[in-house]
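Good morning, and thank you for coming.

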Amino acid sequence: MNNRVFNFSAGPAVLPLEVLVEAQAEFLNYQQTGMSILETSHRSKAYEAINAEAEANMKELLGIGDNYRVLFVQGGASTQFAMIPMNFLSPGRTADYILTGAWSEKALKEAKLFGTTHVAATTAEGNYKRIPNMDEIQLSDNPAYVHITSNNTIFGTQWNELPSFGQVPLIADMSSDILNKPFNAENFALIYAGAQKNLGPSGVTVVIIRKDLLENNPKTIPAMMRYETHSKNDSLYNTPPAFSVYMLNLVLRWLKGQGGLVGIGQRNTLKAGLVYDTIDQSGGFYRGHADLGSRSLMNVTFRLPNEDLEKTFAKEAEQAGLVGLKGHRSVGGLRASIYNAMPVAGCQGLKDFMIEFQRKNG
Ligand SMILES: *Cc1c(COP(=O)(O)O)cnc(C)c1O
């Protein structure tokens with residue numbers, strides 16, 4: 001294992017080493033079936049058990065009851081951008097979007113294809129360096145739903161306190177921070193997340209949906225685009241991304257072993273603190289992109305005094321076994337993605353590297 005690096009990539013991203021080792025151990029012969037899970041029918045008892053356990057584990061971790069379903073679908077979070085308005089934005093209604101970054105902009109763009117939308121708040125001014133305050137949010141009259149992005153992967157901001165709008169269904173794209181710390185999942189009508197950042201490999205998208213949202217949806221949209229189809233068929237309407245769901249379930253088991261959301265939340269706070277403290281104590285050598293109150297536990301975005309130093313930083317970090325730190329072009333600089341599976345040692349290693357880099361170049 002000595003040649004494994006610390007992988008700070010935004011996604012697909014680091015997975016728990018324990019999970020990779022476990023999957024490797026049963027790769028050729030899954031649970032005495034004599035075949036790999038990759039070769040197993042999705043109609044088999046073995047796969048049905050995985051599918052059911054993954055739903056149960058997700059509900060247990062989120063602390064939600066039988067009024068929710070957990071669906072495993074394909075097409076990434078990007079397909080959810082369209083499925084949500086297709087299912088819930090009926091004629092004569094308005095869908096409200098709170099814009100906190102590039103992903104929420106993309107979600108809004110898809111909704112516009114299907115009906116009337118309203119921007120309830122945006123922090124585009126200042127290049128999305130913060131989350132709006134509650135008093136900046138102006139909902140439309142009787143919206144069909146409000147859509148938020150809980151963590152802005154590109155800009156490194158996060159709703160540190162998740163909002164609630166009473167009876168209005170709240171929908172969240174949690175692709176980059178799902179299960180990162182305790183929160184009240186029952187405030188949400190629908191949560192979705194592409195798995196490849198904080199849950200597992202790419203190929204599966206998790207949709208957590210309150211059952212009342214499965215009623216009265218239009219029958220004029222394709223079967224694959226209807227939440228009702230996937231719910232009625234326990235996510236087995238067509239061939240699911242079976243290996244991805246299997247891996248996701250191993251990650252969920254691992255999370256339970258970390259003390260669930262309380263345990264992982266404490267560890268994530270500690271990890272992010274190591275990096276943010278280094279930025280704050282650098283006397284301005286490192287500058288965070290996000291405002292203090294909007295900082296993300298998952299993606300730490302920061303700049304150096306100039307672009308040449310940023311390039312050198314990324315290159316030398318990689319040589320030191322800290323890979324994937326180059327920032328997204330819309331923010332520039334560096335981005336450390338430190339999802340649930342990033343060990344504390346990775347953040348400590350980054351901190352040590354940052355201090356040494358500043359000593360040499362500051
Ligand atoms: C990565 C990301 C997406 C896009 O996910 P895909 O599964 O690639 O479609 C959407 N929203 C957020 C917040 C993301 O981080």
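**The ligand and the spaces around it**

A polar side-chain atom of Trp 103 lies 3.5 Å from an oxygen atom of the ligand, where a polar contact is a pair of N or O atoms within 3.5 Å; within protein, one must be able to donate a hydrogen and the other to accept it, and residues adjacent in sequence count only if both atoms are side-chain atoms. This is a predicted model, in which local features need pLDDT of at least 70 and side-chain atom pairs count only at pLDDT 80 or more, while totals for chains, interfaces and linings use all residues. Residues are numbered from 1 along each chain as its sequence is written, and side-chain values use heavy atoms, with hydrogens and water left out.

Two further contacts belong here. A ligand oxygen is 2.7 Å from an N or O atom in the side chain of Lys 197, and a ligand oxygen is 3.0 Å from a polar backbone atom of Ala 77. Taken alone, the ligand exposes 390 Å², of which the protein buries 87% (Shrake-Rupley method, 1.4 Å probe).

What surrounds the ligand? The shell has 13 residues, the closest being Ser 78, Thr 153, Asp 173, Gln 196 and Lys 197 (near means a heavy atom within 4 Å). Helix H3, residues 76–88, supplies the largest share, four residues (helices are DSSP runs of H or I, at least four residues, numbered from the N terminus). By type, the shell divides into three nonpolar, eight polar and two charged residues, with Gly counted as polar.

The structure holds two cavities of 30 Å³ or more (on a 1 Å grid over the protein atoms alone, sets of points where a 1.4 Å probe fits but cannot get out; lining residues have an atom within 4 Å of a point). The largest cavity holds about 70 Å³, and its lining includes Trp 159, Met 174 and Phe 183.

Finally, the largest pocket has about 310 Å³ of space (a pocket is an open set with protein on both sides within 12 Å along at least five of seven lines). Of its 20 lining residues, Asn 87, Phe 88, Leu 89, Ser 90 and Asn 217 are closest to its centre. H3 gives the most to this lining, again with four residues.

Note on methods
Helix = DSSP H or I, 4+ residues; strand = E, 2+ residues; numbered from the N terminus. Points joined across faces, edges and corners; volume = space filled by probe spheres on them.
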